[in-house]
Amino acid sequence: MYTSADILKKHVIFNLAGTLFLVLFGAVYENYSHGVFSYFMLYAFTIPLVFGVTLYTILLFAGKYPSRVFLNLWNSAIAAFGVGSVFRGVLEIYGTTNTLSFVYPVAGSVLGVSALVSLAVKPRRKPDCEGVSRYDSSI
């Protein structure tokens with residue numbers, strides 16, 4: 001069984017892996033872009049670094065363990081912002097625009113606000129025998 005600290009540690013590791021992937025992806029993509037660069041592509045790695053690794057590390061050291069709903073919504077917001085940044089960077093390097101590029105920040109914002117609202121709304125659930133909810137005991 002996982003404890004809440006183990007779950008947060010796992011989220012830190014996954015967001016760190018996402019950060020490293022975006023660093024490598026951005027570097028390789030910019031290397032083959034013939035001198036054209038995009039700040040969206042260049043700094044896409046900061047999204048999971050700041051909103052994932054940093055936030056979860058602070059929560060871990062503070063001893064605050066958010067609910068599963070918050071973690072799912074927050075990670076989805078990070079993914080939406082990250083994919084949107086890469087998508088916008090690819091379009092800028094290619095030298096074109098797309099009207100659908102506004103969807104990613106809107107979706108990320110809605111998911112982020114929903115995650116913050118989930119912190120204020122505490123769901124009423126019966127805990128299992130050990131005091132850990134059956135929803136929070138697995139990842």
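The legends below describe close-up views of a predicted model.

**View 1. The packing of helices H4 and H5.** Helix H4, which covers residues 68-94, packs against helix H5, residues 103-120, at an angle of about 160°, and the axes of the two helices lie 8 Å apart. Because angles over 145 degrees count as roughly antiparallel, H4 and H5 are described as roughly antiparallel to each other. Their crossing is left-handed.

**View 2. The residues between H4 and H5.** On the side of H4, the residues that meet H5 include Val69, Phe70, Trp74, Phe81 and Phe87, while those contributed by H5 include Tyr104, Pro105, Leu111, Ala115 and Leu119. Sorted by class, this contact has 16 nonpolar and seven polar residues, but no charged ones.

**View 3. The largest nonpolar core.** Twelve residues make up the largest nonpolar core, among them Ile7, Leu8, Ile47, Leu59, Phe70, Trp74 and Ala115. At least two residues of this core come from each of helix H1 (4-31), helix H3 (46-62) and H4. If residues up to four places away in sequence are not counted, Leu59 touches Leu8, Lys64 and Pro66. Another core, which has five residues and includes Leu22, Met41, Ala44 and Ile93, lies apart from the largest one.

**View 4. Ser101 in the loop between H4 and H5.** Ser101 is placed in the loop that lies between H4 and H5. Its relative accessibility is 17%, and since buried means under 20%, Ser101 counts as buried. When neighbours within four places in sequence are left aside, Ser101 is in contact with Phe87 and Arg88. Of these two, Phe87 is also one of the H4 residues that meet H5.

Note on methods:
Residues numbered from 1 in each chain as written. Predicted model: local features only at pLDDT ≥ 70, side-chain atom pairs only at ≥ 80, totals over all residues. Heavy atoms only, no water. Axes fitted to C-alpha atoms, helices over the stretch in contact; angles between N-to-C directions. Helix = DSSP H or I, 4+ residues; strand = E, 2+ residues; numbered from the N terminus. Parallel < 35°, antiparallel > 145°, perpendicular 65-115°, else oblique. Left-handed = near helix turned anticlockwise from the far one by under 90°. Contact = heavy atoms within 4.5 Å. Nonpolar A, V, L, I, M, F, W, Y, C, P; charged D, E, K, R; others polar. Core = buried A, V, L, I, M, F, W, Y, C linked by side-chain atoms within 4.5 Å. Buried < 20%, exposed > 50% of the residue type's maximum accessible area, 1.4 Å probe, protein only.
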